[in-house]
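Subject: Structure handover

Hi,

Here is the structure I promised to pass on.

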Amino acid sequence: MGRIASSPYEGRFGGICPFPGRRHREDPIAGTTPQADAGGTPEGKPPRADAGGAPGGQPPEADLLREMLRRPEYRRALVFCGLIGIPVSLVAFWFLVAIHQLEQLIWTDWPKDLGWDRAPWWWGFPLLLVAGAVVGLVVARLPGRGGHIAAAGLHSGGITKEALPGVLVAALVGLPLGAVLGPEAPLIALGGGLALLLGSLVRAPQTPASTGLLAAAGSAAAISALFGNPVVGAVLLMEVAGVGGPQLFAVMLPALLSSGVGDLVFTGFVHWTGLETGSLDIGLPKPPPLDVGDVLWVLVTAPAVAFLVHWIFVGGRFTAGFVTSRTVRNTTLCALGVAGCTALYSVSTGRSPAEAALSGEGTLGELARDPHAWSIGALVAVLVFKSLAYALSLGSLRGGPVFPSLFLGGAAGVLLAPLPGFGLVPAMAAGMAAAVTAALRLPVSGVVLVVLLLGNVETVALVVLAAVVSFVVTQLLPQGPRIPAPPAAG
């Protein structure tokens with residue numbers, strides 16, 4: 001049975017209220033008392049509908065919002081959250097620079113310094129041996145266990161300032177040494193943990209509501225620094241935090257699908273008739289218009305990519321169960337399995353093992369700029385071996401699931417682009433949208449992220465269609481085992 005909200009805002013926003021200035025019976029946002037909530041009014045009189053208000057004496061949403069904005073504690077919280085963005089973004093900048101520079105040094109510069117054109121096939125074994133042992137020790141010994149298990153997707157809850165050292169060590173060791181994961185999950189943890197640390201330094205009130213607000217603000221600032229866009233950070237954190245619950249997705253999916261289909265029909269009619277309707281177009285060069293073939297192939301590509309990524313995550317959950325017992329040993333074994341996948345990819349294709357290792361962020365850019373440099377055999381090999389390495393990394397190492405899924409979706413799109421009536425840009429757009437939505441189970445965030453990466457408004461409708469199809473497919477497939485709770489660190 002659900003808990004009854006003690007204020008109008010608590011019921012709507014999951015109990016997140018800003019910095020209550022004092023701890024007594026009055027609700028800091030709604031200005032109500034427990035007696036008023038339980039019995040209508042403090043005097044026990046039945047509630048009434050004021051002029052302009054909703055039945056039951058509860059003001060409409062706009063009045064509630066204005067009342068909240070008038071409260072000084074909320075304005076103080078708003079200013080403080082804005083200030084938090086400064087140190088969090090600086091830390092995020094140097095964290096990402098460190099990851100990038102270490103990857104470049106370890107996988108490109110060192111092999112060349114030792115006389116190779118690229119990293120040899122065995123290069124990942126010593127690196128991932130170290131990564132597995134260090135991450136295993138962090139998970140087993142340090143508070144916070146190095147962060148969330150990536151096979152469970154992105155999370156914004158459970159962040160503490162005590163977990164910061166473990167998150168930093170696991171990310172700075174595991175990611176540059178070859179873990180097939182991205183930096184977004186450690187950034188969310190770092191941003192939230194730093195915000196809580198700063199809040200404790202200025203002696204902000206330590207309540208569940210205030211800590212939740214601070215952690216969300218810090219996480220949003222950090223993730224925005226990663227994607228270079230505050231809208232992506234805000235949308236991603238809203239969906240990750242689960243504001244609105246299942247009802248949000250129940251309403252959002254039909255609306256998202258309808259808008260995408262409507263845009264496809266409208267755009268097609270405009271191209272067919274040649275008539276002008278007025279638009280926001282400012283005259284920039286456009287890619288070739290979409291056609292029926294693009295739409296039909298998206299309906300095939302999206303469920304296929306979603307199916308692949310979904311079962312990768314199921315494999316990641318099995319890996320997480322394997323790692324739970326004898327954490328250090330089994331984490332190291334899984335890391336060596338990742339190295340084996342990169343070695344098999346390199347041996348079978350003659351290409352660098354770095355393409356099957358790491359997050360895939362840099363390799364995705366190379367793939368998009370020069371897709372013809374990849375043979376069909378290399379694309380199939382990277383899909384197979386990077387998928388296996390991704391599944392092992394999801395359950396054993398620490399990082400985020402976004403960039404490897406984007407790469408796999410992009411590689412699948414390049415592989416399928418030569419199909420009759422398909423094009424490279426629509427194929428990559430559909431593959432990336434389907435893959436990242438299947439990985440995150442966040443369709444709106446997937447759409448926003450892929451549109452931002454592509455910078456191509458002509459494919460937005462296809463991205464929406466692929467994301468909705470992918471979300472439905474992954475929700476209907478068997479979900480696999482639950483991720484077991486790891487033993488307490490110590």
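**What I found**

I99 sits in helix α4 (residues 72-113); helices here are DSSP runs of H or I with at least four residues, numbered from the N terminus. Before going on, a word on the source: this is a predicted model, where local features need pLDDT of at least 70, side-chain atom pairs count only at pLDDT 80 or more, and totals for chains, interfaces and linings use all residues. Residues are numbered from 1 along each chain as its sequence is written, and side-chain values use heavy atoms, with hydrogens and water left out.

Back to I99: its relative accessibility is 6%, so it counts as buried (under 20% relative accessible area; exposed is over 50%, partly exposed in between, with a 1.4 Å probe and protein chains only). Setting aside neighbours within four places in sequence, I99 is in contact with A171, L172, L175 and P176 (contact means heavy atoms within 4.5 Å). The C-alpha atoms of I99 and G174 are 9.9 Å apart, although 75 residues separate the two along the chain.

Next, α11 and α12. The axes of helix α11 (residues 292-324) and helix α12 (residues 327-349) come within 7 Å and cross at roughly 140°. Axes are lines fitted to C-alpha atoms, for helices over the stretch in contact, and angles run from 0 to 180 degrees between N-to-C directions. The pair is therefore oblique (under 35 degrees is roughly parallel, over 145 roughly antiparallel, 65 to 115 roughly perpendicular, and the rest oblique). On the α11 side, T319, F322, V323 and T324 meet T327, N330, T331, L333 and C334 of α12.

The loop between these two helices holds R326. Its phi is near 50°, a positive value in a residue other than glycine, and R326 counts as exposed at 59% relative accessibility. L358, in the loop between α12 and α13, also has a positive phi, near 60°, but L358 is buried, with a relative accessible area of 11%.

In α13 (residues 361-369), T363, L364 and L367 are buried. They cover an arc of only 105° around the axis, which puts them on the same side of α13 (the arc is that of the directions from the helix axis to the C-beta atoms). The buried residues of α13 pack against α14 (376-396), α15 (402-416) and α16 (424-440).

Finally, α16 packs with helix α17 (residues 443-454) at about 145°, their axes 9 Å apart.

Cheers
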